[in-house]
Amino acid sequence: MPEVETASRRLTERFNATSTTDYVLERVPTRGRNREQLLEVWQRRGYRFVEFYADWQGNWWDGASNDAIVFARRDWSRGCPTGREPLSLVDRVWLRDYGEPLVDVRLACPRVHVSARLPYLRERVAAMLDTASSRLPRGLKLEARTCLRTLARQRRGYEKYLRRLRQAHPSWPESILRRESYRFYHPPDHRIAPGHCTGGAVDVLILGSDGQPLDFDSPFERVMPHCRPYAPGLSEVARRNRDLLINTMEAARFSNCVDEWWHYSYGDGPWAVRMGVPICWYGLVEAPKTKRRA
Ligand SMILES: [Zn+2]
């Protein structure tokens, strides 16, 4: 099946450029096992994210050799086959924005507590968020802390963080400073807009029945590298709460940023890289003019 060979080679080339030891791409003999049985084998081996390569007809194996082509990852954010989302890949994503409107999340998401200063998301994203919140166990709900962000505000945040890093690490070259600041701030001057400037990204956490945020961090402060969704050494409670958030948001079709447990998106450039798709549908969007700017 030459098209599978080609795609497999392309995936390997693409993902090896940014590979981590957590990531594997492997051709596996199926030996009569079905998809679920193979999935179980990989999960027993400790891989949390397992996908089978599918060709354009949805075939997940190479019919000629009866081999499955598996890509799997031990941890990190489950949406991302590479475990990273480098700007070099994000900038290669093809943008097709069909102009889906922004909606006011306070109206569109009655089951979400909204504390965002600029409470707007694309219509589909808002619907997904409300659905996610409704699927939480009784008494719990999502809080949306950041939704849309203007490009001007993104630029201010990015530059401030870059300045702080430069002061803290005067010996770091510019390239390292920029790479490190990207962990928290997508630069405002790249071809593909930062997720929060597209209406496709949202920062969320879960509120308990007392209205207070659940514990997502103990025993750490909210600093790198403990902000990564699958950071080791978390308390059992924090681990369980992060898993609940990840499972809830992923079930609603969001994907999770590799460096921030609270950041989820759908349809923006980084989402496309995490999902291994070459296209995204949300580009830079203007905030509604009648409302207070963040
Ligand atoms: Zn965010």
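Which residues in α6 meet which residues in α7? Y158, Y161, L162, L165 and R166 of α6 meet L177, E180 and S181 of α7. Contact here means C-beta atoms, placed from the backbone, within 7 Å.

## Model and overall make-up

This is a predicted model: local features need pLDDT of at least 70, side-chain atom pairs count only at pLDDT 80 or more, and totals for chains, interfaces and linings use all residues. Residues are numbered from 1 along each chain as its sequence is written.

The protein has 9 helices and 13 strands. Both are DSSP runs, numbered from the N terminus: helices are H or I with at least four residues, strands are E with at least two. Of its 294 residues, 36% count as buried. Buried means 20 or more other C-beta atoms within 10 Å of the residue's own; exposed means 12 or fewer; partly exposed is in between. Among contacts with a separation of 6 or more, 67% come from residues 24 or more positions apart.

## The α6/α7 pair

Helix α6 spans residues 151-168, and helix α7 spans residues 174-181. Their axes come within 10 Å and cross at roughly 130 degrees. Axes are lines fitted to C-alpha atoms over the stretch in contact, with angles from 0 to 180 degrees between N-to-C directions.

The two helices are therefore oblique to each other. Angles under 35 degrees count as roughly parallel, over 145 as roughly antiparallel, 65 to 115 as roughly perpendicular, and the rest as oblique. The crossing of α6 and α7 is right-handed: the near helix is turned clockwise from the far one by less than a right angle. The contact residues divide into 5 nonpolar, 1 polar and 2 charged. Ala, Val, Leu, Ile, Met, Phe, Trp, Tyr, Cys and Pro count as nonpolar, Asp, Glu, Lys and Arg as charged, and the others, Gly among them, as polar.

## Q154 in α6

Q154 also sits in helix α6. With 21 other C-beta atoms within 10 Å, Q154 is buried. Leaving aside residues up to four places away in sequence, Q154 touches R149, P188, P194, H196 and C197. Y185 is 31 residues from Q154 in sequence, yet their C-alpha atoms are 7.6 Å apart.

## Backbone exceptions

Most residues other than glycine have a negative phi, and most peptide bonds are trans. The S218 to P219 bond is cis, with omega near 5 degrees. P219 lies in the loop between β10 (201-207) and α8 (236-251).

R253 is not a glycine, but has a positive phi of about 80 degrees. R253 is in the loop between α8 and β11 (255-256). R253 counts as partly exposed because 17 C-beta neighbours lie inside 10 Å.

Definitions and conventions
Two residues are in contact if their C-beta atoms, placed from the backbone, lie within 7 Å.
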